[in-house]
Structures are given as structure tokens and as C-alpha cells.
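Here is a quick walk through one model, from overall confidence down to a couple of individual residues. Keep the viewer open as you read.

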Amino acid sequence: MPVAMIGQTLVAGVLTLAVGLVAVVLLRLLPSLRLQLIGLATLSVGLPLASVLLTGWVTFKMGDDVKILAVSAASAAVAVVAGLVLARSIAVSVERVRDASRRLADGDLSVRAPEHGPAEVADLAASFNEMAGSLERLFDARRELVAWASHDLRAPLANMQAMIEALEDGLVLPETTLPVLREQVGVLSALVDDLFELARIDAGALTLELRDAQLEPLVEACLRGVEADARRRGVALAATVPDGLRARFAPEKVERVLFNLLTNALRHTPSDGTVAVRAEQYATEVQVIVEDTGVGLDVEARERMFDRFWRADPARSAPGGAGLGLAIARGLVEAHGGRIWAESRPGGGARVSFTLPAAS
């Protein structure tokens, strides 16, 4: 091959490389993924084809080897068509996710993106659907929060208004009405405190003063707090906590968690039943277990009993119970870095467990 022809071939190659680099930069400026994919398919085939034609013209002078160039052109054309079809398929898959996101932004929380197409697009659609599901549950929880809070605030306020009107009309004596008013104010204060606590938990503004402490005194204090209610219901209380068992926690917060779990267990335990507290030591955590001999938990209860304002049956609508205790318990346990879950006991009844960090 003459030196001049070799030089021309090298010039053609360098020119092709330069054109390719410039084309890649220009492709990134295209406004849509569809156009970028079409441009990429055209470039990936058209540029090598142009290089082949240019090199063939320099090398073969378009003589006897023109058939080779024709075959190359036909193959390149087929590749361009295949690339365009593939680009359209990918773009359509992405546009489905885009359309679903637009509908979600417009307020359609039930929309879901089709989870098919290339693996990356399918993963994107799955992530979008998971996000949409979380948003739908969040807005459902907000609606339930407003509905239940309105209901639980309305009842004591109506009672207080009726008693005040009766006082003003002289129908009742102050000494008989004031204790009831004080009780209703306590119910309202407890509900407002619970809502405020949940707001702090949701906002991540809950501050905990963790320290190493023994669990046994805390368990005994909680059992004393529910002892009168247990005696009235005819339910026995029991505790099994190893001597000297220590964990790292905020005592007043964990006391509230355990008290809420014990109160809930008592509501679901019939007369002559038992509510027991156990604690077990593991390598990096301590597990606290509250068990009862009630009817146990169905699938929905296991999944939703820690949701705020969720009530499975009339037992959870007992006076003074707003359905927030277990939701607060979950928030406080998770703020400690622990876990809380519920399950049915093999012998009947329910078992609720939560973990705390082991003492350092």
C-alpha cells in the first residue's frame, strides 16, 4: 500500500474519531431520552458506515470492491432500524413511569407504573410503586388521624359542655360536677400529650437521655401501676427478669412503652387470665416480652396494631383509649434503635416483644 494511501486512511480514522467525540457531546444536549437513544443508535451505526465508505473510497477507488461496501451499507441500515426499534421500546417504558409520576403529582395516589421492560426500567418502576404505596399509606394515616382525633376530642368536649350548661342552669351541684370535669380535662390533656409526642417522633425531634440501668425496678414499677386494674379484671400479673439485667435506655420512655403494652394486654385478657413480663439478655441487645392469655392476634392485628388510631375490636375503644398507645410505643422503641413486633403465642394469647441496646 503506498505511503500516501496509508496517510489518507489514518486521516480518515482520526477524522471519524473527532466527529464521533463531537457527536457524543451534541447527543447529551438533546432534550429527551427518546432523541438521545435515536441519536445514539444512528451514530453507533452511521459513523462506522461512513468510515467504511470513506476508507473504501480511498483504498479501493470504488472499483471492484464496491459490492463489499454495498453489503456494509445494507447491514448498517438494518442495524440502524434495529437500534431505532430498541430506542423506541426503552423510551416507551420510561414514558410509562413518567406518566405515572405525573398522575401521582396530580393527586392520584392509587396510580402504579407497569413493572416490565428492561431490568433498569423495571427496577425504576418498582421503586416508584413502592414510593407511591408509601405515600398512599401516609395520606390514609393522615385522614385517619384527623378523623379519630376529631372523634376523640369531640366526645369529652361535648360532655364538658353539657355539664357546664347544667351547672349554669342549676341542675347539678358543683361538688358533684367538678370531679367529672376534672376527669374529662385529664382525658383531653392525655390525648393532646399523645399527639404532641407523636409529632415529635415523626419530626425526629425526640431527644433521649440514654443511660445504663437495671430493668427489674422498671418492670416492678409498671406492674404496680396496673395492679389495681388487673385485680378489678381478675387477671394475674407475673414477671421474670434476671437479677442485675441491665440495658441502655431512657427509663421514663421505656416505662411508658411497657405501661402501654401492659394496659393493652389487660384489655384483651379475660378474667382468670394472666399477663406476664419477661426479659432476656443477648449479645448486643436485651429483649422485653409481654404475654397474655387472651384470644391472640389475627393477621391484620399483627400488621396494624402499632398504627395510630387503629382499633381491631371494641376492646380497643375502651374509655380513655384513643388508639395511640402502641403507636407511641413503637416510636419510642425505634428512637432507642430497637425493634418492636407482635405475634400469637403457640398456646393461645398474644406476645409483644421489643428490644433495647445492651448496657455498654
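This is a predicted model: local features need pLDDT of at least 70, side-chain atom pairs count only at pLDDT 80 or more; totals for chains, interfaces and linings use all residues.

## Confidence first

Mean pLDDT for the protein comes out at 79, with 73% of residues at 70 or more.

One stretch to handle with care is residues 314-320, where pLDDT stays under 50. The model still gives that stretch 13 contacts beyond four places in sequence.

## The overall picture

The protein has 360 residues, and 34% of them are buried. Among contacts with a separation of 6 or more, 67% link residues 24 or more positions apart.

## Helix H5

H5 covers residues 174-202, which is 29 residues. From first C-alpha to last it reaches 41 Å, close to the 42 Å expected at 1.5 Å a residue. Just past the end of H5, Gly 204 takes a positive phi of about 70°.

Which residues of H5 are buried? The list has Thr 177, Leu 181, Gln 184, Leu 188, Leu 191, Asp 194, Glu 197, Leu 198 and Ile 201. As background for that pattern, an α-helix has 3.6 residues a turn, so residues three or four places apart point the same way.

## Val 121 in helix H4

Val 121 sits in H4, the helix spanning residues 119-168. Is Val 121 buried or exposed? Its relative accessible area is 9%, and the cut-off for buried is under 20%, so Val 121 counts as buried.

Setting aside neighbours within four places in sequence, Val 121 is in contact with Ser 93, Val 94 and Val 97. Ala 91 lies 30 residues away along the chain, and its C-alpha is 9.8 Å from that of Val 121.

## Asp 292 in strand S5

Now for a buried charge. Asp 292 belongs to strand S5, residues 285-292. Asp 292 is buried yet has no salt bridge. The nearest side chain of opposite charge is Arg 345, at 6.5 Å, and a salt bridge would need the charged atoms within 4 Å.

What does the side chain of Asp 292 reach at 2.9 Å? That would be the backbone nitrogen of Gly 294. Not counting residues up to four places away in sequence, Asp 292 touches Ala 265, Thr 269, Thr 274 and Val 275, along with Arg 345, Gly 348, Gly 349 and Ala 350. So Arg 345 turns up both as a residue that Asp 292 touches and as its nearest side chain of opposite charge.

How values were computed: Residues are numbered from 1 along each chain as its sequence is written. Side-chain values use heavy atoms; hydrogens and water are left out. Helices (H or I, at least four residues) and strands (E, at least two) are DSSP runs, numbered from the N terminus. Buried means under 20% relative accessible area, exposed over 50%, partly exposed in between (1.4 Å probe, protein chains only). Lys and Arg count as positive and Asp and Glu as negative; His and the chain ends are not counted. A polar contact is a pair of N or O atoms within 3.5 Å; within protein, one must be able to donate a hydrogen and the other to accept it, and residues adjacent in sequence count only if both atoms are side-chain atoms. Contact means heavy atoms within 4.5 Å. pLDDT is the predictor's confidence in each residue, from 0 to 100. The expected span of a helix is 1.5 Å times one less than its number of residues.
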